[in-house]
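Hi,

Here is the structure I promised to pass on.

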Number of protein chains: 2
Amino acid sequence: MYKKIPKNTIHRLPLYLSVLEQLAEESQNQEEFFHSVDLEKLLNIKNSVIRKDLSYFGEFGVKGKGYNIVSLKTALKEILDINVIKKTVIIGCGNIGTAIIKYPYFTKINLEIVAGFDVDPKIIKQKINQTPVYHIDRLVDFLNKEKIQFVILAVPVHASKFILQDLITKTDIHGIINFTPISLKVPKHIKVINSYISAKILEMYFYLKNTNA
Amino acid sequence: MYKKIPKNTIHRLPLYLSVLEQLAEESQNQEEFFHSVDLEKLLNIKNSVIRKDLSYFGEFGVKGKGYNIVSLKTALKEILDINVIKKTVIIGCGNIGTAIIKYPYFTKINLEIVAGFDVDPKIIKQKINQTPVYHIDRLVDFLNKEKIQFVILAVPVHASKFILQDLITKTDIHGIINFTPISLKVPKHIKVINSYISAKILEMYFYLKNTNA
DNA sequence: TAGATTGTTAATCGATTAACAATC
DNA sequence: TAGATTGTTAATCGATTAACAATC
């Protein structure tokens, strides 16, 4: 439990890990070092920011030498709690939900999608990859029984309201990754991470409008 | 062209719009007003932040009364440049790419996905919804001919490198929305917006680890 | 030892906030 | 007019940065 980690630092940690995974794959040599200026070039993040970010969690480098790729990777995995297997469910198995279930990179971060939920009888009782899909009526019981900590919400807008109510009042989840294009009102013990696509597109619109001119 | 808009302000603008769309749908009355404290409750963003964000772009409220829902919505659409139809393509029509093509909310933001690109002969020449899928060999020509300003990249990691090189050296795009789980190194006239799912999940891991303890 | 890069400091820069004058 | 809420200010808070002592 760390205190006072800047939000932006947390956003950057997965980026660091992503680059380290790449570097570790590319290099055969387990003893290979790299340094913060290398990482700056790869990520366009200032080397001093990188070193400061890491310093919140400990000292991972060797002065005059840099960081060992493998051991920093290991440290970051520990910080991000990747070594513990996590279970989650997808609520809403439409296009987005199904794509997430099939997403091939979750094994890398030890995430298991143990079930999907939907209302469409054509989808229910089928399996998407290895993942069973149940009727959404069974959602609350499932989450409680399996002690799921966070869910991925990928339902249409009109369905989100009553599902959210159930999640808040009848389960003990602590996090929602939200792919719906609306903002969710939740009590403050629940962390919502918005990942809706339109917002990213709109950010791009704004950027394009205000740099070409 | 505005200058010096804080990054976080730009992140929040789509959220404001999203809530305004909801409010506009729920209320029949075109003349309905609401105020920044209402919005604070819906979004957990302080009312003073909301007012300051809006103030970068003009004065949209009426003192003592609040904001007219419809006219603020209109103003935000103007700021985010939603009224002009945009065209883009999806590079990589696997699970994620296909889900994005089928995403139903893009009409709301005037986005048209005019083509998909892939290497898989099983996918090429089919249509996903109304969208044709071409071989990736045709990508560069297509982008140049259609004057596409930004692309959505949803290819597997191993494919991203050489595609990125083509995009940088042979086209005139100004933006990439990146769904691959790696960071893209681009010249600074190209804006990359990362939307990769694992990063969101890892953020959630970190949060769960450090609040339950 | 000389060279290099870390971890950390202190200064700068930017964003948030509470408060309130302006005004509908 | 009295009440309400905006738009804006100035103070506070937090994040970035350059610089450098520490040290491998």
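What distance separates the centres of domain 1 of chain A and domain 2 of chain A, taken over C-alpha atoms? It comes to 32 Å. Domain 1 of chain A covers 7-78 and domain 2 of chain A covers 86-199, with bounds that come from an automatic or database domain assignment.

Before you read on: this is a predicted model, where local features need pLDDT of at least 70 and side-chain atom pairs count only at pLDDT 80 or more, while totals for chains, interfaces and linings use all residues. Residues are numbered from 1 along each chain as its sequence is written, chains are lettered from A and ligands numbered from 1 in the order in which they are written, and side-chain values use heavy atoms, leaving out hydrogens and water.

**Helix α7 of chain A**

Helix α7 of chain A runs over residues 157-170, 14 residues in total. (Helices are DSSP runs of H or I with at least four residues, strands are runs of E with at least two, and both are numbered from the N terminus.) From first C-alpha to last, α7(A) reaches 21 Å, close to the 20 Å expected at 1.5 Å a residue; that expected span is 1.5 Å times one less than the number of residues.

Its buried residues are Ala159(A), Ser160(A), Ile163(A), Leu164(A), Leu167(A) and Ile168(A). Buried means under 20% relative accessible area, exposed over 50%, and partly exposed in between, using a 1.4 Å probe and protein chains only. These buried residues of α7(A) pack against β3 (86-91), α6 (139-146), β7 (150-153) and β8 (175-178) of chain A, where contact means heavy atoms within 4.5 Å.

**Salt bridges**

Over all chains, the search of the whole structure turned up 12 salt bridges, each a side-chain nitrogen of Lys or Arg within 4 Å of a carboxyl oxygen of Asp or Glu. Here are three of them.

- Lys86(B) and Asp81(B) meet at 3.1 Å, N to O. Lys86(B) is buried at 9% relative accessibility, and Asp81(B) is buried too, at 15%.
- Asp166(B) pairs with Lys170(B), with the closest N and O atoms 3.3 Å apart. The two sit 4 residues apart in helix α7 (residues 157-170) of chain B, so about one helical turn separates them. Asp166(B) is partly exposed at 24%, as is Lys170(B) at 48%.
- Asp120(A) bridges to Lys122(A), the closest N and O atoms being 3.8 Å apart. Asp120(A) is partly exposed at 22%, whereas Lys122(A) is exposed at 65%.

Cheers
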